[in-house]
Amino acid sequence: MFRIALKGILGRKARLILTSLAVILGTSFLAGTSVFSDTLNRTFDNLFSDVFQNVDSYVRSSQVIEGDFGNEERQRIPLELVDIVKKVPGVGDAVPDVQAFARIIGKDGKPLGSDGQGPPTFGSIAMKFKGALWTISQGNWPMGPTEVAIDKASAKNGKYVVGDTVKVIAQSGSREFTLVGIASYGDVRSPGGATFALFDPTTASEFLAKKGLFDAVLVSGDGSKSDAELAKAINAAIPATYKTETLTGAEITLETQDQIGSALDFFGILLKTFSFIALGVGCFVIYNVFSISAAQRQRENALLRAIGASRKQITRAMLIEATVVGLVGSVVGLIAGIGLSAGLSALLRAVNIDIPSGGLVLSQNTVMSTIIIGLIVTVLSAILPARRAGKVPPLAAMRATALEIAEPGRKRLYAGLLSIMLGIAIIVAVVAGASNNYLGIGILFVFIGTIVLGPIIARPVALFLGRPAARFRGITGVMARQNSARNPKRTSRTASPVLIGVALVTAVTALAASIKGQINDVFAAQLKADYAISTDARGFGGLSPSLVNDINKLPQVDKASGFGFLTVKIADKGQYLLTITPETIEGVWDVGLINSKYSDLTVDGMFVSEKVAAKKKITVGTVIPVTFGDGVVRPLKVEGLYLHNDIGDYLTNSHLVDGTPIIMFDMGVYIKIKSGVNKSEVVTALTAAVKKYGQGTLLTKQQYIDKRSGMVNQLLGLIYGLLMLSVIIAFVGIIITLLLSVFERQRELGLLRAVGMTKSQVRTTVRWESVITSLLGAVIGIILGIGLGWVIVFALKDQGLTSFKLPIVPTIVIMIMSFIVGLFAAIYPAWRATRVNILDALNTN
């Protein structure tokens, strides 16, 4: 039977290739993401090992506040620590280091890098030192308050050469420097595509941070002590009042590698999640192909049974075929995945995200997991068709073409309804207050139930969807409609991948439409300003606080108010604290104050949202200890409550940071203009103010609202892109099914051609059958997706999402796209159908 199975595979090479396509597509994405992630991890590990190879100790503050998504606010340390460290026995040299926000402005006046949508824009220190992180490839080290060095990638992108004047933006404002050097970080022009403006220690401290303060001290030993001994000696020499910690070179290297690894792991998990979704969709294609194959080989299997083959042998033969398909598909998918990973690396370099040089990493784990997962998916998908093939009796189905004629039974009906009802019960429990963790389980049961009921639903829905074709396309439309309905199991299985893809796309679209609708409603009601200056920076950098001061001096402006934020610790948990200026916010933004005024907010107080106040039993007058980034615990008195917490749950006075080492940026500036002023003059004046700082985008109120809601489209585009692989697999599934269907109906097609049906009519019949099948999956998928979207929106009500928006236009687009997918999927099968030889088809028994 093993030889028979192999001969059967080799005798049907086209079917082997078609079936393997679904496995190849799924495993290639899985292998590609694994290779890409492993390559990035290794190359960045090697980069930081090289960069810190001459750093023996690393001194920094032990006071840190951890926010969301890995963001942290660490207290800075004073310059005098450098002198203390230098005096420690075993220290060869020590220099300060700063890593802060800075933005280089290109010669064309446009800032290099991006605000929050790509690699960060840094300012740091570059100086001659044994353990220096940077090397100067052209020019000299920066010295003095007027000199700067920049990374090689920024010099190229900004078209700068040594001797040019470079404008740099930092927290303290905008300043011009003379470019004296071009630097490299290890063996790359710039790590991860980030931009770097590099200064001497004094300039960096004053311009990037606060005068006399730094992030760390880099230490190079004289060789008399081990790294661990040196770190211990430095710790002992620094007074406890400084609240510092000393890491060895190996420890800071490992920590940096882990931070990069965590970010890359998140990216890898996201990609692998969609890889498994694609493999799940591929399961339906594989299952469908083997089911059709088993039906078409009824005569062959019956003959084998007649000459003595047992049921188990027939089943094993098909499983051997599935194993070969899985193995071939997985190996080809692995090779394609390596190519995909190389393409992703090239794409990053093409968009100026510089990654360290090095070859692709193909680990044993990636090879084994890709092949094993591909084999498991293929064999599991083929088990039921193989079992059915083994049940063929010796004297049954003795014809050249065979159909799956068994109607869906009651067991399927009961199982499908039970699964759906169980899923709905779990969803209702979540809506009633149960943990959102159970939501995914409920949705999974609903999907399973719908797919199980697919053959029962397929016939009436296919007949309904085929009515327009039957009415407007005549006999070809009638035949396409009947062909789609006469084998509901096959039609349902073919439509299932489309159903899953469309359901997920529709659910994400509904969620995005709901979020965008709420953003529009919220900002339209709360934003009272006429103009806004927006930045995409989130958590690192932003607009200089001096920008709003300059705008308030413009004669056309009534008032301008900036919103900043601080990472603080409240009740031992990292929180974001929004800062406002009470003197200018009135009439610019409405947070819905309850029995209080903006002027009530002092530098020793805070406003708290009514929602958080009720949850934590906070009242006006409550004193809340808040730990800030400088390590100081400040008791802030609750001086008012407010309704609209869309911008944050805690508000404080922006003047609170005045005279402190705390660095704060504005995330937006909102401007109210004077009545009666010429709007073109206003725009000219505001544009000039923004251009002076080289960052931020001037927007009207409506443009700002549109931009905020449009940010959802970026996430939507990413998810659409990742789901595209599932759509491609569904597309391939329709093609394969139609091709096998054409083979199955050779005699039927021959008879139709013999009685006068033209090739054009044959193509039209196959084409409309494909469209009906595609629309079947789309219609059910849209219904499921809308329901899924509503459930997700409702489950997120505690996160502030309160209204569901039906995405009418996107839903129509999805239907149209499904129609187009059906048309294109039928092109090759329809052509093959016209190639059937009439005499050969009529001679089949």
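Author: Buried means under 20% relative accessible area, exposed means over 50%, and partly exposed is in between. The model discussed here is predicted.

Reader: Why does Phe-819 count as partly exposed?

Author: Its relative accessibility is 29%. That value falls between the limits of 20% and 50%, so Phe-819 counts as partly exposed.

Reader: What makes the pair of Trp-768 and Phe-819 edge-to-face?

Author: The angle between the planes is 65°, with 6.0 Å from centre to centre. Planes over 60 degrees apart count as edge-to-face, so the pair of Trp-768 and Phe-819 gets that name. Trp-768 is in helix H23 (residues 759–795) and Phe-819 in helix H24 (residues 808–825), 51 residues apart.

Reader: How do you know that Arg-76 and Asp-215 form a salt bridge?

Author: Their side chains meet at 2.9 Å, N to O. The cut-off is within 4 Å, so the contact between Arg-76 and Asp-215 qualifies. The two residues lie in loops 139 residues apart.

Reader: Are Arg-76 and Asp-215 buried or exposed?

Author: Arg-76 has a relative accessible area of 19%, and Asp-215 has 18% relative accessibility. Buried means under 20%, so Arg-76 and Asp-215 are buried.

Reader: Why are Arg-175 and Glu-206 called partly exposed?

Author: Arg-175 has 25% relative accessibility and Glu-206 has 32%. Both values lie between 20% and 50%, so the term applies to each residue. Arg-175 also forms a salt bridge with Glu-206, the closest N and O atoms being 2.9 Å apart.

Reader: What makes the contact of Asp-550 with Lys-692 a salt bridge?

Author: The closest N and O atoms of Asp-550 and Lys-692 are 3.3 Å apart. That is within 4 Å, so the contact is a salt bridge. Asp-550 lies in helix H17 (residues 545–552) and Lys-692 in helix H20 (residues 679–693).

Definitions and conventions:
Residues numbered from 1 in each chain as written. Predicted model: local features only at pLDDT ≥ 70, side-chain atom pairs only at ≥ 80, totals over all residues. Heavy atoms only, no water. Phe/Tyr/Trp six-rings, centres within 6.5 Å; stacked < 30°, edge-to-face > 60°. Helix = DSSP H or I, 4+ residues; strand = E, 2+ residues; numbered from the N terminus. Buried < 20%, exposed > 50% of the residue type's maximum accessible area, 1.4 Å probe, protein only.
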